[in-house]
Amino acid sequence: MNDSKKIVLITGASSGLGLAMAKCFLSHGHIVIGVSRHRPPVELPHWIEADITQRSDQEKIAAFVAEKFDRLDVLVNNAGMGSYATWEELPEAELRKLFELDFFAVVALTRILLPQLAKAQGSIINISSAAGKLWVPCMGAYCAAKAAVAMFSNTLGVELSRRNIHVLDVAPGQINTGFSRRAFAHRDVPDSPGSSRTSPEKLASFVYRAWQRKKRRVTYPAMLKFALFWLRAIIPGIYQKVSLKLWKI
């Protein structure tokens, strides 16, 4: 990866990890296009007000990139939302809205921007989640959507490899981004032992380094992948009992 300026488009750039990643890429001299429904609290060189679940807005984003730059070096599919509810509690309308943003919009925006990414032989960075690797009760819809994003990343990476388009799947653990405040919440979120005060800025720097190194799959923090293995394969019964107690099921 050379040090020349890259054209980087980041969804969900108004807050949390999206904003932190916008600042990170800017600090390294790259050109950032922020996409969000609300204006970011800091001035970005290029900002598009858009709802990425809407086809008309997806086309608006693609037209902006094509007309302004005629290429795209990095697409960061970051925008997303969560849900705290059992499958019985979650209304179908909310389930569909979550999948529209967390999965279908990721696929649609990637597909519509592929011609510009192909011109640059660029990179696609998809933000999935550790919750897509380990079931979390009362977060089933989010787990399912992020697992779908991870499989999208893995299969897409193989399909695009001969066109020299790099795909990176990022699976973060709990990060202090205000995620819970924006989620569909039908029950209180427990103060779990895995909760984290890790800043989005630290995760943004980690993702930037993984992109530079052409990584394909990363978990953050790195030690989390070992914890996930233990919970899935070694002590699933204990994990289930603790989860039932924490969520008061």
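I started with exposure: buried means under 20% relative accessible area, exposed means over 50%, and partly exposed lies in between (1.4 Å probe, protein chains only). By that scale I noted Arg 71 as partly exposed, at 29% relative accessibility.

The model is predicted, so I kept its limits in view: local features need pLDDT of at least 70, side-chain atom pairs count only at pLDDT 80 or more, and totals for chains, interfaces and linings use all residues. Residues are numbered from 1 along each chain as its sequence is written, and side-chain values use heavy atoms, with hydrogens and water left out.

**Salt bridges**

I looked up the charged pairs next. A salt bridge here is a side-chain nitrogen of Lys or Arg within 4 Å of a carboxyl oxygen of Asp or Glu. Side chains of opposite charge can pair when their charged atoms come close. I found five salt bridges in the structure.

Arg 71 pairs with Asp 73, and their closest N and O atoms are 2.9 Å apart. Is Asp 73 buried or exposed? Asp 73 is buried, with a relative accessible area of 7%.

Two more pairs sit in helices. I took helices (H or I, at least four residues) and strands (E, at least two) as DSSP runs, numbered from the N terminus. In helix H2 (residues 55-68), Arg 55 and Glu 59 are four residues apart, about one turn of the helix. Their side chains form a salt bridge of 3.4 Å, N to O. Arg 55 is partly exposed at 47%, and Glu 59 is partly exposed at 41%.

In helix H3 (residues 92-120), Glu 92 and Arg 96 are also four residues apart, about one turn. I read 2.8 Å, N to O, for their salt bridge. Arg 96 is exposed, with a relative accessible area of 55%.

**Nonpolar cores**

I then turned to the inside. A nonpolar core is a set of buried Ala, Val, Leu, Ile, Met, Phe, Trp, Tyr and Cys residues joined through side-chain atoms within 4.5 Å. How many residues does the largest one have? It has 38 residues, and those with the most contacts inside it include Leu 9, Ile 52 and Leu 113. Strand E1 (7-11), strand E2 (31-36), H2, H3 and helix H4 (140-160) each give two or more residues to this core. H3 gives the most, with eleven residues.

Leaving aside neighbours within four places in sequence, Ile 52 touches several residues, among them Thr 11, Val 35, Ile 61 and Leu 101.

Another core lies apart from the largest one; it has 27 residues, including Leu 203, Phe 206 and Val 218.

Conventions: Contact means heavy atoms within 4.5 Å.
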